[in-house]
Amino acid sequence: MVKIARWNYDGGTQSGFVVGGNCYALPAGRTVNSLLEAGLAETLALAGKSIGSAAPVPLADVQLIAPLAPATIRDFVAFEEHVEGVRKSIDGVAGVVPEWYEAPTFYFTNPHTVTGTGEVVGIPAGCDDLDFETEVAAVVGRVPGSDGRNLTAAEAHQHIFGYTVLNDWSARDLQRREMKVSLGPCKGKDFANTLGPWIVTADEFEDLHDAEGFLPISMAVEVNGEAIGQDLLSNMGWPFAELVAYASQDSVMKPGDVLGSGTCGSGCLAELWGRNGSKTPPPLKTGDVVRMTVEGIGRIENTVGERRDAVTRIPARTRPRNRVAAAAASGA
């Protein structure tokens with residue numbers, strides 16, 4: 001199995017391959033993002049050379065960081081069960097809107113606040129309802145001869161370089177207010193995303209897809225060692241190839257783009273709050289440990305840090321709605 005990772009070791013950051021219990025650094029000047037630019041076939045060839053020539057470093061001696069610097073992050077909402085529960089929690093309304101079934105829906109989140117497994121994730125200012133979201137993300141790589149535009153599902157499948165685990169951290173109280181404006185989420189989401197522990201190349205999953213292109217691999221999340229939720233990735237409403245293809249329509253997929261599956265069924269607290277009619281289990285608090293495990297990919301784990309103490313809301317000013325500047329109206 002080829003795992004592509006980034007890690008801190010001996011005072012520096014390295015990129016390379018993880019095999020068994022060892023890390024093998026890329027040649028000087030190569031990064032994970034340059035592998036995505038090279039494409040999967042060239043990366044697999046380079047893996048064989050690097051593993052055979054680079055000096056191994058024990059995995060236990062390094063600190064893994066986020067496996068790439070994403071170009072963009074699109075996060076879909078592809079699990080019907082999640083939509084049912086979280087809509088009740090956020091909007092107070094049961095059921096799934098008909099529009100969800102018509103086409104995939106995603107939002108862009110912040111590629112600059114990505115964290116890795118083992119990092120502490122602080123609670124954003126003004127948040128009392130911190131939550132997690134258990135997801136798998138597809139990472140896009142270059143395909144020779146393709147410009148990444150208006151892809152078919154078959155073409156999009158070839159652009160999937162590999163998969164990683166994604167925790168889309170969520171400040172539910174901030175998100176709840178924002179989405180009443182019919183836009184967002186924004187500050188309810190953009191403070192942190194965790195990716196990791198590495199990227200597992202797509203060839204490792206090729207024989208696992210069912211006839212429709214879905215991957216029946218297990219996803220699970222626990223808080224402080226207590227199981228919270230479990231689902232199969234194949235319960236998505238669309239396979240990943242269709243999500244990548246949809247994102248490419250009248251747009252472009254570039255190496256380093258990350259596309260999240262959306263939260264799996266029972267994969268976050270807000271969904272359970274909607275189903276239970278109360279905040280049970282409770283929102284995350286400082287010191288809680290969130291662990292997500294995805295079959296065939298691996299595990300990410302983060303500790304919740306302190307809440308930032310600040311007032312960040314800026315109320316709107318009430319304006320008179322004049323159509324002409326005061327000076328012009330007076331004839332000056």
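Is Phe76 buried or exposed? Phe76 is buried, at a relative accessible area of 4%; buried means under 20%, exposed over 50%, and partly exposed in between, with a 1.4 Å probe and protein chains only.

1. Basis. This is a predicted model, where local features need pLDDT of at least 70, side-chain atom pairs count only at pLDDT 80 or more, and totals for chains, interfaces and linings use all residues. Residues are numbered from 1 along each chain as its sequence is written, and side-chain values use heavy atoms, without hydrogens and water.

2. Phe76 and its partner. Phe76 and Phe106 make a tilted aromatic pair, with 4.9 Å between centres and 50° between planes. The rule takes rings of Phe, Tyr and Trp (its six-membered ring) with centres within 6.5 Å; planes under 30 degrees apart are stacked, over 60 edge-to-face, the rest tilted. Phe76 sits in strand E6 (residues 72-76) and Phe106 in strand E7 (residues 106-109), so the pair ties together parts 30 residues apart in sequence. Helices (H or I, at least four residues) and strands (E, at least two) are DSSP runs, numbered from the N terminus. Phe106 is partly exposed, at 26% relative accessibility. Ring pairs join Phe76, Phe106 and Phe108 into a cluster.

3. A tryptophan pair. The ring centres of Trp100 and Trp238 are 5.0 Å apart and the planes stand at 65°, so this pair is edge-to-face. Trp100 belongs to helix H4 (residues 98-102), Trp238 to the loop between E16 and H7; the pair therefore ties together parts 138 residues apart in sequence. Trp100 is buried at 9% relative accessible area. Trp238 is buried too, at 11%.

4. Sheet. Five strands form an open sheet with mixed pairing, in the order E9-E19-E18-E15-E16. Strands pair if DSSP finds at least two bridges between them. The edge strands are E9 (120-123) and E16 (226-232), each pairing on one side only. Strands E18 (residues 289-294) and E19 (residues 298-307) run antiparallel and are joined by six bridges. Val289 stands opposite Thr303 in E19.

5. Cores. The largest nonpolar core has 67 residues; Phe132, Tyr163, Leu233, Phe240 and Leu284 touch the most other members. Such a core is a set of buried Ala, Val, Leu, Ile, Met, Phe, Trp, Tyr and Cys residues joined through side-chain atoms within 4.5 Å. Helix H7 (residues 240-248) supplies its largest share, five residues. Another core, of 20 residues, lies apart from it and includes Ile4, Ala47, Val139 and Ile199.
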